[in-house]
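Subject: The two-chain model, with notes

Hi,

Here is the structure I promised to pass on. Please have a look at it first, and then read my notes below.

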Amino acid sequence: MKFLKPSNQVIVGLLFLSSSLYSAVQIIQPSENAYEDIQEALILAEPGDVIRLTSGIFNLQDSLSLDVEGVQIEGEGMDQTILSFADQQSGAQGLSVTSDNVTLQDFSIQNAKGDAIKVKGVTNIKFLRVKTEWTNGPNPENGAYGLYPVESTNVLIDGCVAIGASDAGIYVGQSKNIIVRNSRAEFNVAGIEIENSYYADVFDNVATNNTGGILVFDLPGLPQQGGHHVRVFNNRSVGNNTDNFAPEGNIVGEVPRGTGIIIQANSNVEIFNNEIGDNDTVNIAVVTYGNETDDEAYYPHPKSIQIHGNKFGPTGYNPDTSKGELAEILFELSEGNMPDIFWDGLIPISQIIFGQPENEKMIISNNGDATLLAIKPIGFMMPFLEPAILDINEFDGEISPLAKVEFDENF
Amino acid sequence: MKIFKKSCLLIISLVFFTSQAHTSNTFDLADFSKAPRFLSEFGFFQDMQNQIPAKGVHPYSLVSPLFSDQTDKLRFVYVPEGQKLGYVKDKVFIFPVGSTLIKTFAYLNMSGPLEQQLLETRLLINTNTGWKAISYVWNEEQTDAKRAIAGATIPTSFLNSQGELLAVRYRAPNQNQCKECHQVNKVMTPIGPKARNMNKDLNYQSGEMNQLLYWAALGWIDQKLDSTPISSYTDLNASLDDRARAYLDINCGHCHIPGGSADTTGLYLNLIEENQEKLGIFKKPVAAGRASGNLKYSIVPGHSDDSIMLFRMKSLDPGIMMPESGRALADDAGIKLIKDWIDKL
């Protein structure tokens, strides 16, 4: 057990954790030397240690990083302990974590120059009641991601808040075993985004005032791709009508304002019991990855998608045709009667000819009086055929529920 | 100079046969929190201020070095007596436990009447649990350097090669930032000393000699090396493509490599990458955010101004700039090289 040299700002205490295991608690208060105090503590910490940041504003000029496993960084509340990076001079994140079994809780990261919290390549990471925010509202100058675990296994995001990210507020990428719950994403381009990931449960969240509420995406050319087994349920994705402010080049820059949920590529996605409404363009869109790639291992089409038991509010009354082609095509095909659910209908040519395998077909059932528009690729290309399916009952079928995501949350 | 084992802990003992009799330092390599507080305690230099190495510590230099805010870099290597290096083509030499790479970052200010300033000395020490990084920041008197766990900020100014005075907020990295670049698949590794990057002459006290032959003469290398030198990116006789790839390899390829800290992007810039999209050609950004600069692709052949790569090399904004750490200034020569390369692709 080791301690830092005590200073005026650093007070060392002991916390009795479990039978025979002592753990050092370091308490750090805001000061002129806040960066050195915190960073030194993060480097010298030992597994089991707690770094406690007291109430107040910590002004940090350089990015913080943790690479010791089993450490907990805790504040005294997301609105009490504030790590401000408004004057950040170096480092691409507010906080970066690269060690296993880390818990982050009860603090907020403000105005990071890049991503707020990036966690890369770890097993077991908990974000509890953490807030990431850019305080000047939606702005392309804001950092890309708020909460940003990537290439990680066993990711828990619970009770968090993400505001103002110019890409995604809560973004989980190239990871597996993921739970995002009880959280709130507001005024981001994408509220919550699960990308190139396996086994994710996203539930009991609120996504509002974003450009798009909840995104389940898969992109080519990455170490982990072929996202699958994602459940999105019991969420409210409402009023996501903030103009897209993502800098161009980024995939979310193509998301039209007013989108509730988008599924792009991915397989085995179940969207159920959500409340989705008051979205200017469309409540749910299921689409193929539309850009060129020379990645032959990549499968660009969504498959085995199930949408059921959702409650829809008004949508499509003010479609955003300025971003991507989605809203434009949809508006044209629906002759202005925008549906709740849109599928671009794109499947491999072999499946257009011979039909889709049963287990890959989209199932849409029990969504009240929801409306639908699904493009029929052949009809779309031939002037004398019907270009789209409008009868939602054509997709009715028996739901095969996906398994719950579980892992030991008490690491 | 010896290394011996003591009750299962590796203890490094560096004893130098210089005029001074102290120079014996012992610390437990398995516990870096006990690393010496001052650089002088290692005894790597017989003259700290003038960076004259002690016996057994040898200077080295790289064909293509990393850009670090136009600092001059004084590199030394210590290998325990009687030990040998292992060689794998295209990889960093395998150094025996106890070896230390020593790199002093300085503004020597050779082009004008400004005194030289030693900024920091970084050590990479190969322990029995792998390489460990540690940085020592020089005091104002320039007599010794002190361990800087959280790194340090050194606001200063220096004379560039044209003799112009430039201000810089120089950052000595903290230990975690060392890992950002030096870690591949969670294992720390040196970056520079690959045979291809060492294959050049150096002025030793004993005269000029090829570095690999010098290491062979020291008994460190005892096999024939199958190594083609990397191009020096400053060598105008080399092809533009070779120079650009050499530059990207040493400045970017340690993170942008499968298993490196930037592998989440799928952009790979190490020398042996051949896939055009992975190299950035018409590759869309993944998680760049505003660092895309409203551009669509990492590299648009023939159009450097439309290429995110060049935009990020030029930037000084911490949320945009590449590399993410280790520089506060733009590398004008590197920018010109990559611009020319992209424009001629």
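**What I found**

A:Ala207 has A:Ser237, in β25(A), as its bridge partner. The two strands involved are β22 (residues 206-208) and β25 (residues 236-238) of chain A, which pair in the parallel sense over 3 bridges. Pairing here requires that DSSP finds at least two bridges between two strands. Strands are DSSP runs of E with at least two residues, helices are runs of H or I with at least four, and both are numbered from the N terminus.

Before going further, some ground rules: this is a predicted model, in which local features need pLDDT of at least 70, side-chain atom pairs count only at pLDDT 80 or more, and totals for chains, interfaces and linings use all residues. Residues are numbered from 1 along each chain as its sequence is written, while chains are lettered from A and ligands numbered from 1 in the order in which they are written.

**Chain A**

The pair above belongs to an open sheet of 10 strands with parallel pairing, in the order β4-β7-β10-β13-β16-β19-β22-β25-β28-β31. At its edges are β4 (56-59) and β31 (311-312) of chain A, each with a single partner strand, so one side of each has no neighbour in the sheet.

Elsewhere in chain A, β5(A) pairs with β8(A) in the parallel sense over 4 bridges, and A:Ser65 stands opposite A:Ser96 in β8(A). Strand β5 (residues 62-66) of chain A is largely enclosed by the rest of the structure, because 5 of its 5 residues are buried. A residue counts as buried if 20 or more other C-beta atoms lie within 10 Å of its own, as exposed if 12 or fewer do, and as partly exposed in between, with C-beta atoms placed from the backbone.

On confidence, the mean pLDDT of chain A is 92, and 95% of its residues reach 70 or more; pLDDT is the predictor's confidence in each residue, from 0 to 100. Residues 1-20 of chain A have pLDDT below 50, yet this stretch has 37 contacts in the model beyond near neighbours in sequence. Where pLDDT is low, the predicted coordinates should not be read in detail.

**Where the chains meet**

The contact takes 38 residues from chain A and 36 from chain B, two residues being in contact if their C-beta atoms, placed from the backbone, lie within 7 Å. On the chain A side, α1 (34-44), β8 (90-97) and β14 (145-150) give two or more residues each, and α1(A) gives the most, with 5 residues. That side divides into 12 nonpolar, 15 polar and 11 charged residues (nonpolar: Ala, Val, Leu, Ile, Met, Phe, Trp, Tyr, Cys and Pro; charged: Asp, Glu, Lys and Arg; polar: the others, Gly among them).

**Chain B**

Chain B has 6 helices and 17 strands. Its radius of gyration is 20 Å, close to the 20 Å that the globule rule gives for 345 residues, so chain B is as compact as a globular protein of that length. The radius is taken over C-alpha atoms, and the rule is 2.2 Å times the number of residues to the power 0.38. Of the 345 residues of chain B, 44% count as buried.

The domain assignment, automatic or from a database, gives domain 1 (2-217) and domain 2 (240-343) of chain B. In chain B, 20 residues of domain 1 are in contact with 18 residues of domain 2. The largest share of the domain 1 side, 4 residues, comes from β13(B).

Best wishes
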